Amino acid sequence: MNITGIARPVRLRLVMAAAVVAIATLAIPLSQIASSRRAEAAATADGPKPSIVLVHGAWADSGSWDGVVKRLQADGYTVYAPPNPLQGLPYDSAYLADFLHSISGPIVLVGHSYGGAVITNAATGDPQVKALVYVDAFAPAQGQTLAQLLAAYPGSCAVPANLNVVPFPGAPSGVGDAYIKQSVYPSCMANGLPAAEAHVLAVTQRPIATVALTQQSGVPGWKTIPSWAVVGTADHAIPLALQLAMAKRAHAHITEVDASHLSMISNPGVVTNVILDAVRATS
């Protein structure tokens, strides 16, 4: 019997089988790589998630955003809540503008109360800022002051009789740090919140330099940047009529909520959803 003649076909079949297995084994990682590349391409097409920058207002601090921060982080967003110096509109706006320049990629900029005036000025001319979100906030036009706006729409509890003004080192003549009186704070700023929480907020409030109320606003960012507004219908600090007038002038997408001046504390879910609406509309 010719054993050699029989062995050759057997060896050939074994070699062919091994080759098939090797090709099949190679095909698995190749398909996985192709799938991964498709996923990466899709992610690139969608663009990077914007960073969310939250700016607090007067008589508050960055902690007022805690409920919103937790929700945005849970959705995978990078969030910043820098301190607002509360030293005056030109200074605070320049401070925020410099902070924004340290961030890479698109930004959704959110401002509460006086922080709305700050983002209005800081965002002007910054191509990274894709959306502005105003939360119970000022959105002044060029040349306007906060004092003028409040005088045009009476009803604010943030009047001189409810303020405690104290000196600070290096202050210009006639300028001081203004606090809302602790006895007034719960009904003025935090109506609707539990009394114990409102009293803690009254104690931990940060003051604003009185000069900020009389400094003129510059060219507003909302002239060229899409904007959204959360308006607290029970706001005692910035009258509802004033908030609506500013939001409509800015052509903002308006969401009304039954809340006080601190809707990001009492209704963080509503505020977060409006921020995400701005993200989706501008991404």
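Two strands count as paired here if DSSP finds at least two bridges between them. Keep that in mind as we walk through this model, which is a predicted one.

Three strands make up an open sheet, ordered β5-β6-β7, and the pairing is antiparallel. β5 (163-166) and β7 sit at the edges with a single partner strand each, so one side of each has no neighbour in the sheet. Look at how β6 (residues 177-180) meets β7: the two pair in the antiparallel sense over two bridges. In that pairing, Asp177 stands opposite Ala209 in β7.

Is Ala209 buried or exposed? Its relative accessible area is 1%, so Ala209 is buried, given that the cut-off for buried is under 20%. Setting aside neighbours within four places in sequence, Ala209 is in contact with Leu86, Gln87, Val175, Gly176 and Asp177. Ala209 and Ala171 lie 38 residues apart in sequence, yet their C-alpha atoms are 8.8 Å apart in space.

Now move over to β8 (residues 227-232). Six of its six residues are buried, so β8 is largely enclosed by the rest of the structure. In a regular strand, side chains alternate between the two faces of the sheet. For β8, both faces are covered: Ser227, Ala229 and Val231 are buried on one side, and Trp228, Val230 and Gly232 are buried on the other.

Which strands does β8 pair with? One partner is β4, joined to β8 in the parallel sense over four bridges. There, Val135 stands opposite Val230 in β8. Another partner is β9 (residues 253-257), which runs parallel to β8 and is joined to it by five bridges. Here Gly232 has Val257 of β9 as its bridge partner.

Pro140 is buried, with a relative accessible area of 1%. Its contacts, not counting residues up to four places away in sequence, are Ala117, Thr120, Leu149, Ser217, Pro220, Trp222, Met246 and Arg249. Pro140 and Gly116 are 24 residues apart along the chain, with 8.3 Å between their C-alpha atoms.

One of those contacts, Thr120, takes us into helix α4 (residues 114-122). Thr120 counts as buried because its relative accessibility is 0%. Again leaving out residues up to four places away in sequence, Thr120 touches Tyr134, Phe138, Ala139, Pro140, Ser217, Val219, Pro220, Gly221 and Trp222.

Last stop: a pair of helices. How do α2 and α10 pack? Helix α2 (residues 66-74) and helix α10 (residues 268-282) meet at an angle of about 50°, and their axes are 9 Å apart. That makes α2 and α10 oblique to each other, and α2 passes α10 in a right-handed crossing. On the α2 side, the contact is made by Gly67, Val68, Arg71 and Leu72, while α10 brings in Pro268, Gly269, Val271, Thr272, Ile275 and Leu276. By type, the residues of this contact divide into six nonpolar, three polar and one charged.

Notes
Residues numbered from 1 in each chain as written. Predicted model: local features only at pLDDT ≥ 70, side-chain atom pairs only at ≥ 80, totals over all residues. Heavy atoms only, no water. Axes fitted to C-alpha atoms, helices over the stretch in contact; angles between N-to-C directions. Parallel < 35°, antiparallel > 145°, perpendicular 65-115°, else oblique. Left-handed = near helix turned anticlockwise from the far one by under 90°. Contact = heavy atoms within 4.5 Å. Nonpolar A, V, L, I, M, F, W, Y, C, P; charged D, E, K, R; others polar. Buried < 20%, exposed > 50% of the residue type's maximum accessible area, 1.4 Å probe, protein only.
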